[in-house]
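Please look over the sequence and the model shown here before reading on.

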Amino acid sequence: MSARGATTDPLARFAVSSARRRRDRIARGTILSATLIALVPLVLIIYYLLHRGLGSWSSSLFTTDPTGNTFFKSSSIGGIKSAILGTLEIVALASAISIPIGIGVAVWLVEYGRASRFAHTVRFFVDVLTGVPSIVFGLFIYIVLIVGTGSTYAGYKGAFALALLMLPVVIRSAEVVLVLVPAALRESALALGAPRWRMISSVVLPTALAGMVTGVLLAIARAAGETAPLLFTAGATLKTSSNLGQFMNSLPVQIYSDVTSPTTAVEHRAWGAALTLVVMILIVNLIARLVSRRSRLA
Amino acid sequence: MTPTRSSARVADVSSEGHPRLGRHDWRSPAPAPEPPAGARPGSASGGDAAVENRPGLSVRLEQLRAFYGDAEQLRGVDLEFRPNEVTAIIGPSGCGKSTLIRCINRMHEEIPNARAEGRVMLDDLDVYGPSVDVVAVRRAIGMVFQRPNPFPTMSIFDNVAAGLRLTARRNGDLRPKVEAALRSAGLWGEVSDRLGKPGAGLSGGQQQRLCIARSLAVDPEVILMDEPCSALDPIATLKIEELIADLKTRITIVIVTHNMQQAARVADRTAFMLDGRLIEVGPTQEIFTNPADLRTEEYVTGKFG
Amino acid sequence: MLKYGLTALAALILALIVYFFVRLVGEAGPAFSKAGLFGFTFGNGWNVSAERFGALPLLVGTLVTSALALLIGVPVAVAGAIYATELCPLRLRTPLTVLVELLAAVPSVVYGLWGIFFLAPKLQGAEQWLADRLSFVPFIGGGLVTIPNYFITGLILAIMILPIVSAISREVMSTVPSDQKEAALGLGATRWEMIRTAVLPYCRSGIVGGAMLGLGRAIGETIAVTILIGDAPQLGRHLFGQGYSLAAVIANEFGEAQGLHRSALFAAGLVLFVLTLLVNGVARMLVARSARPTQSPLAAATLLTDTAAGA
């Protein structure tokens, strides 16, 4: 348009002032830099986890229990075998408790409770649970299962605390998915003369399965990383145990106690344990994402 | 989107004189002016209207093609919208009429993976030219959408002032312009006592006129209307149509409609599109009573669409 | 049959929550009755050996670090959300979102580990420089910077709340109808002007809600804070000094607590519980007002896990 004089440019009257243009550039630049800043900690954390964590990974890390000895070289402080197995056991039990209950409540909310006042109350309390700090879940379980029974820490108590923490996530994510099941599907099942429970078990649940699995997996991933609810429910211990009635070690608690009593060797182990934990959580997350791609809803 | 422009053509068009320079004897740079007949004879016949009002600019599409990803939605359209005329674009759903007007103010490219080729000449400027600022294009070519879309968080006043605020320094200057825009949109009498109330509280028809006022406030040369009455009742529709007739004395108007009666009522010229191609364009009366193309005839007589 | 079974289950959950709450109040009772509700919550001094329990230093620690987290985290998170929804090239959008969500997958204890062994020592010099420059501002500058301190805790919390605030902002921004954005663009708005006139006003309450959920999470955050705040049972003298928080005191002292001390920790838990309840209540109201029901199950579940208060 350079060939044309300003008077014949039909856009001359509408030209964007340089101040506006500058403001636009500055705003965009600021937004972009803030976005990049947000990624800096992520890069640093991943780098340090890999750098320090991989350096501490060894076969003995995964095959030995911590010795409780923190003052000598890494050969004598032991590994994180009991912590890995403990986390697996506790999270497995927590899932076994929270998934059926959570999905049951979600099915009730969607299929039976719907917009009733009772259903709203339940939803409200579930939302309240979502916001409860995880350490408070630990306190709840402590009061009921430790003060209440006059006994001490045990793996299953930690699992109950985690289950409580997973419950609202499982319920609300399953509810979201169940609501998405088209009403026409339900109606066609009912029109065939199927009783409501048949309709739910053979039409609604299979349709919503992938979505519910995604929600459940993300709940598991979150529970696996929790430290606070386990501190005074499952306790901290050294030995590998398959008895959920006893003290049970777990990765987050192991890392926490390693951080709070640091010698170089123990810190070294903490990084190895942290990398292990993050890898486990990421695998679960990844599976959740893959499953959600296969979801038949939305 | 064509990177090369023929400068010869620019010179050509400019040599015909520019409306801005010859205020009183505006004329269309179109090669073969047809008598501006149609549903509203007289109203677009230049003369008096042009003396009182600044004429709008012409818009000429040259081999305009539009794509969504790999799908070609417009397959090379040549069409001119003359100043101070209302041109209606009709055609069955999916024929590309909305895409066409969204290409004129380059709104089409806001859709991910969408692009356009060819030229859109605003007067003698290709709005797809390499040095053209899309922001200025959209200010010169206003748009009214299918559903009324006032900004829900803003008052009636702020809605109309929204475009002005982008460039204005002080709020004090805005009031007369806002009032003028609301008057032009025929809304002033209905809202002058509640300018501070939310625009979303108006009826659908009022909201659409508010949106028209919002476009008018920045004093555009051209207004594109994408089925502006499709969400409105008949009375609100009538008001908008009256408004269009008023506005064309100073603004070039392009209106997409699927309602053939509406095209017959408001448009000086009508273009019929099918499958991304322009089938026929001409004075509205002719298109509806004596179309040249069989497909146009079938469409306007309701055989398909 | 199924119907009654499930109804009973729902009722059971409800009863359980109420029961927990009542028992928590019961356990906290002795601490409250000794100092009074007000005296406990706002009393200055947490002395275990003297059995004197005033939660003010904890409350201040919680609030200072959470406020700092909001101050640093929210602008960055919102900017990231704007970039992802309005500015970034389409094919970068998903990777960017996934990257930010990765931050949510890192467990609290790992943030603590990284913070205390990497970030805090690395930033100590810069913090000291800042503290010296700001020495004229009371409660902020001056004094010696310790490795664990309020500021570093707030910084880590900011990183931790980034994914939720960002996810909710993104969710809310994606609900802005395209005709609103086109209305602004059609008036000749630049991209930033479009964001300012059509996107941000439309999402304001949703973004504030997201920030509040982030606040709720920061308040309830336990392990990373316990590791980074220094666990000093007094009011920190300045921003770069050590302190304590409601959640940290429980994590740190509960194991050995007896009698009144344990009751005081339950009371601290109760204060924490009520605080998060209030913040989350307001937050959910604001988000619900501006977000449409989430469409994809994955997004819904991610939001839920992200918003659940962390440890």
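Which backbone oxygen does the side chain of A:Thr207 reach?

## A residue in helix 9 of chain A

The side chain of A:Thr207 reaches the backbone oxygen of A:Val203, at 2.5 Å, a polar contact being a pair of N or O atoms within 3.5 Å, where within protein one must be able to donate a hydrogen and the other to accept it, and where residues adjacent in sequence count only if both atoms are side-chain atoms. A:Thr207 belongs to helix 9 of chain A, which covers residues 196-224; helices (H or I, at least four residues) and strands (E, at least two) are DSSP runs, numbered from the N terminus. With a relative accessible area of 13%, A:Thr207 is buried, where buried means under 20% relative accessible area, exposed over 50% and partly exposed in between, with a 1.4 Å probe and protein chains only.

## Basis of the values

This is a predicted model, in which local features need pLDDT of at least 70 and side-chain atom pairs count only at pLDDT 80 or more, while totals for chains, interfaces and linings use all residues. Residues are numbered from 1 along each chain as its sequence is written, chains are lettered from A and ligands numbered from 1 in the order in which they are written, and side-chain values use heavy atoms, with hydrogens and water left out.

## A buried glycine in a loop

A:Gly235 sits in the loop between helix 10 (228-231) and helix 11 (251-260) of chain A, and its relative accessibility of 0% makes A:Gly235 count as buried. Leaving aside residues up to four places away in sequence, A:Gly235 touches A:Tyr153, A:Leu230, A:Met248 and A:Val253, contact meaning heavy atoms within 4.5 Å. A:Gly155 is 80 residues from A:Gly235 in sequence, yet the two are 7.8 Å apart in space, C-alpha to C-alpha.

## The interface of chain B and chain C

Chain B brings 24 residues to this contact and chain C brings 18 residues. The area buried between the two chains is about 1700 Å², with 64% of it from carbon and sulfur atoms; buried area is the accessible area (1.4 Å probe) that two parts lose on being put together, summed over both. On the side of chain B, the residues that lose the most area to chain C are B:Val135, B:Phe151 and B:Leu166, which together make up 30% of what that side buries.

Five residue pairs are in polar contact across this interface, both residues being at pLDDT 80 or more. The elements of chain B that give two or more residues to the side touching chain C are helix 4 (134-140), strand 6 (141-144), helix 5 (156-165) and helix 8 (204-217), and helix 4 of chain B gives the most, with three residues. By class, that side has twelve nonpolar, six polar and six charged residues, where Ala, Val, Leu, Ile, Met, Phe, Trp, Tyr, Cys and Pro count as nonpolar, Asp, Glu, Lys and Arg as charged, and the others, Gly among them, as polar.

## The build of chain C

Chain C has twelve helices and two strands, and along the sequence they follow the pattern α-α-β-β-α-α-α-α-α-α-α-α-α-α. Of its 311 residues, 62% count as buried, and among contacts with a separation of 6 or more, 74% come from residues 24 or more positions apart. The C-alpha trace of chain C spans about 70 × 70 × 30 Å along its principal axes.

## Charged pairs

Over all chains the count comes to 33 salt bridges, each being a side-chain nitrogen of Lys or Arg within 4 Å of a carboxyl oxygen of Asp or Glu. Two of them are found across the interface of chain B and chain C, and C:Arg191 forms a salt bridge with B:Glu110, with the closest N and O atoms 2.5 Å apart.

The side chains of C:Glu101 and A:Arg289 also meet in a salt bridge (2.8 Å, N to O). C:Glu101 lies in helix 4 (residues 90-105) of chain C and A:Arg289 in helix 12 (residues 264-293) of chain A, so this pair joins two chains. C:Glu101 counts as buried at 15% relative accessibility, whereas A:Arg289 is partly exposed at 24%. Within chain A, A:Arg222 and A:Glu226 form a salt bridge at 2.9 Å, N to O, and A:Arg123, A:Asp127, A:Arg172 and A:Glu175 are linked in a network of salt bridges.
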